[in-house]
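This report covers selected local features of one protein model. The sequence and structure come first, and the description follows.

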Amino acid sequence: MSSDRIRLSVGEAREHAERAMRGIGYDQEEARIVADHAIDAALCGYEYSGLAKLLNIPEHRRFKQPRRPISVLRETELSVVYDGGNNVGMLAMYHATRAAIAKTEARSIAIVGVTNSWMSGRSAYYVEMIANAGLVGIHTAGSAPSVAPPGGMRAVLGTNPIAFGLPSSPGALVFDMGTSAFMGTDLVYRERLGALLPEGVAINDAGHPTRDPAEARRGALLPFGGYKGFGLALIVQALGLLASGGLGPEPDDGYLFIVFKPELLVEPGAFGQQIRELIARVKATPRQPGVGEIRIPGERAFRNRERALREGIEIDQMVYEALAALQA
């Protein structure tokens with residue numbers, strides 16, 4: 001990673017990001033939505049999914065293809081499938097999440113699918129929105145091939161994250177994981193900075209292990225945990241087919257939301273209390289020598305967010321300058 005770093009206030013980072021997005025053709029509201037996604041990732045400590053991710057948008061193979069407004073392909077009282085209009089996923093999934101929340105508030109449960117979209121960003125962003133609305137959310141994202149199956153030499157599955165958001169107090173319980181051994185966005189970031197990958201996460205186009213991000217992009221990432229990660233990735237890809245209904249221009253575009261009210265199963269308010277008690281029991285587990293804390297999924301990200309809101313966001317100067325070059 002470069003030693004040239006820049007610290008920005010959250011307001012400065014937001015303005016810089018929004019100006020870059022307007023510079024590549026997004027209107028003011030679209031730029032706000034996309035920039036907020038990247039800013040939140042940066043606040044949570046995921047630099048590769050933060051402002052650096054915005055650079056991936058104009059470089060994406062589908063960016064220059066025509067886009068159109070998000071539209072409904074089919075809808076029932078409890079479900080809807082959207083054509084994302086070839087919009088970047090950070091836009092399409094934001095609107096799908098809001099629709100899932102509204103439908104669930106009206107009908108207690110909703111299933112929402114999105115196709116014809118790309119690069120949806122951090123799934124945690126969407127399920128946290130759902131959990132903060134007092135709802136339970138499950139989100140899967142099937143995407144373009146970048147991961148080889150165990151023993152394979154070619155990419156056939158996406159990085160295929162799966163995420164869960166559950167309402168609780170004082171904050172949502174959020175778990176978001178990719179099914180690949182290394183995230184595609186981080187791979188692009190490493191390539192941009194000239195940094196190597198960890199051992200054992202990628203192969204080149206000849207099927208040999210590589211730490212070179214460019215070679216990995218021509219080859220494939222590997223699933224995490226061997227067959228377990230591969231199996232989960234396959235299920236996420238299959239759910240993506242269900243979400244898209246085969247209606248999009250690319251069959252790998254498939255994003256699914258399953259959202260419901262906890263009150264379908266428990267008394268109002270009971271679930272949040274049960275989650276708090278569960279977390280307290282887990283954190284009270286006797287610790288092994290040298291372990292200072294049992295940490296809950298999402299806890300570090302939320303702490304980073306609180307600190308960064310006070311102290312600002314640090315990014316690589318190259319990323320700052322590349323975003324400045326996009327501004328109109």
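Helix 2 is mostly covered, with 12 of its 16 residues buried. Buried means under 20% relative accessible area, exposed means over 50%, and partly exposed lies in between (1.4 Å probe, protein chains only). Helices (H or I, at least four residues) and strands (E, at least two) are DSSP runs, numbered from the N terminus. This is a predicted model, in which local features need pLDDT of at least 70 and side-chain atom pairs count only at pLDDT 80 or more, while totals for chains, interfaces and linings use all residues. Residues are numbered from 1 along each chain as its sequence is written, and side-chain values use heavy atoms, with hydrogens and water left out.

**Helix 2**

The helix spans residues 28-43 and reaches 22 Å from its first C-alpha to its last. That is close to the expected 22 Å at 1.5 Å a residue, where the expected span is 1.5 Å times one less than the number of residues. Just after helix 2, Gly45 has a positive phi of about 95°.

**Salt bridges**

Side chains of opposite charge can pair when their charged atoms come close. A salt bridge is taken here as a side-chain nitrogen of Lys or Arg within 4 Å of a carboxyl oxygen of Asp or Glu. By this rule the count comes to 21 salt bridges.

| Arg5 | Glu47 | 2.8 Å |

Glu47 forms a salt bridge with Arg5. Glu47 lies in the loop between helix 2 and helix 3 (51-54) and Arg5 in strand 1 (residues 5-8), so the pair ties together parts that are 42 residues apart in sequence. Arg5 is partly exposed, at 26% relative accessibility.

Arg68 is partly exposed, with a relative accessible area of 44%, whereas Asp83 is buried at 10%.

Arg217 is exposed, with a relative accessible area of 52%, and Glu191 is partly exposed at 31%. Elsewhere, salt bridges that share partners join Arg5, Arg7, Glu47 and Glu314 into one network.

**Backbone features**

Asn116, in strand 4, has a phi near 55°, a positive value in a residue other than glycine. Asn116 counts as buried at 4% relative accessibility.

Asn160 also has a positive phi, of about 45°, although it is not a glycine. Asn160 is found in the loop between strand 5 and strand 6 and is buried, with a relative accessible area of 0%.

Ser143 is found in that loop too, between strand 5 (136-142) and strand 6 (162-166). Ser143 counts as buried at 18% relative accessibility. Not counting residues up to four places away in sequence, Ser143 touches Gly158, Thr159, Asn160, Gln237 and Asp252, where contact means heavy atoms within 4.5 Å.

A cis peptide bond joins Ser169 and Pro170, with omega of about 15°. Pro170 is found in the loop between strand 6 and strand 7 (173-177).

**A nonpolar surface patch**

Leu78, Ile109, Leu264 and Leu265 form a nonpolar patch on the surface, together having about 380 Å² of accessible area. Accessible areas come from the Shrake-Rupley method with a 1.4 Å probe, and for residues only the protein chains shown count as cover. Patches are made of residues with over 30% relative accessible area and no salt bridge; like charges are joined within 9 Å, and nonpolar side chains (Val, Leu, Ile, Met, Phe, Trp, Tyr) within 5 Å. Ile109 is found in strand 4 (residues 109-118) and is partly exposed, with a relative accessible area of 32%.
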